[in-house]
Amino acid sequence: MLSRPDGPRGRLIVAIDTPTLPRAETLAAQVAPEVGLLKLGLELFCAAGPSALAPLRQLAPVFLDLKLHDIPNTVAGALGSLAPLRPAMVTIHAAGGPAMIAAARRAAEAAGGDRPMILAVTVLTSIDAGTLRAIGVEADPVEQVVRLARMALEAGADGLVCSPREVAPIRAALGEGPRLVVPGIRPAGSDIGDQVRVATPAEAVADGADWIVVGRPITGAADPAAAARAIVASLTR
Ligand SMILES: O=c1ccn([C@@H]2O[C@H](COP(=O)(O)O)[C@@H](O)[C@H]2O)c(=O)[nH]1
């Protein structure tokens, strides 16, 4: 399984969110020398399919962010199907519960070889307290994230996806063990878009994020490589 990053460059994951493989390959080639991993998410996977992974993996380890959420047998089957693609990280939703998370971990281990890190997505970074209430959750985002985080780790997740606002509370509650992958990152002054629980790259890393995920502030920049370099330069550890 992938080790924790040993410097600022390794902490940066760029989300290659685009619907065409040629555009994805161009972006990935521009930013790969500046980053630790490339993230392949639903937009590109739904457009280009599993074959989108190989060209990206030639440039950097790939974080396959499909946020799997289904019955345990189906999620385990999906992880078995993804194993030949050799992603470095795969996401599942913590809300799928302990049995689904345990099944995902078993399936990743059963596939053998250098298995992917299983990351449990806690509460999406686009969700606020009002949206949580709308889906029947009275807890505020921090409380809900820490609850899901504890459950997911006990069930076998290797790490968590959370917003930068919960990095310090998770470290306080659960220590330095959990690997934390953190989207909802916005350099000062950049457009927030649909993200809600955000912070700057430096704030997230200072609080204890292992990796930060940045998409549009880099992929929408005139010079994506320079935007990635500026973020890495802003990190203090
Ligand atoms: O809670 C989550 C989980 C995953 N994401 C993903 O991260 C990137 C963020 O992209 P930006 O353009 O920097 O907003 C995107 O691929 C999401 O699917 C997340 O934002 N929040």
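The model is predicted: local features need pLDDT of at least 70, side-chain atom pairs count only at pLDDT 80 or more, and totals for chains, interfaces and linings use all residues. Residues are numbered from 1 along each chain as its sequence is written.

**Barrel**
- Eight strands close into a barrel with parallel pairing, in the order β1-β2-β3-β4-β5-β6-β7-β8; strands (E, at least two residues) and helices (H or I, at least four) are DSSP runs numbered from the N terminus.
- From one strand to the next, the twist averages 25°.

**Strand pairings**
- Strand β3 (residues 62-68) pairs with β4 in the parallel sense over three bridges, where pairing requires that DSSP find at least two bridges between the strands.
- Leu-68 has Ile-92 in β4 as its bridge partner.
- Strand β6 (residues 159-161) and strand β7 (residues 179-182) also pair in the parallel sense, over three bridges, and Gly-159 stands opposite Arg-179 in β7.

**Strand β4**
- Five of the five residues of β4 (residues 89-93) are buried, meaning that 20 or more other C-beta atoms, placed from the backbone, lie within 10 Å of the residue's own.
- Met-89, Thr-91 and His-93 point one way from β4, while Val-90 and Ile-92 point the other way.

**Helices α5 and α6**
- Helix α5 (residues 72-82) packs against helix α6 (residues 98-110) at an angle of about 25°, with the axes 8 Å apart; axes are lines fitted to C-alpha atoms over the stretch in contact, and angles run from 0 to 180 degrees between N-to-C directions.
- The angle therefore makes α5 roughly parallel to α6, a term for angles under 35 degrees.

How values were computed
Parallel < 35°, antiparallel > 145°, perpendicular 65-115°, else oblique. Buried ≥ 20, exposed ≤ 12 C-beta atoms within 10 Å, placed from the backbone.
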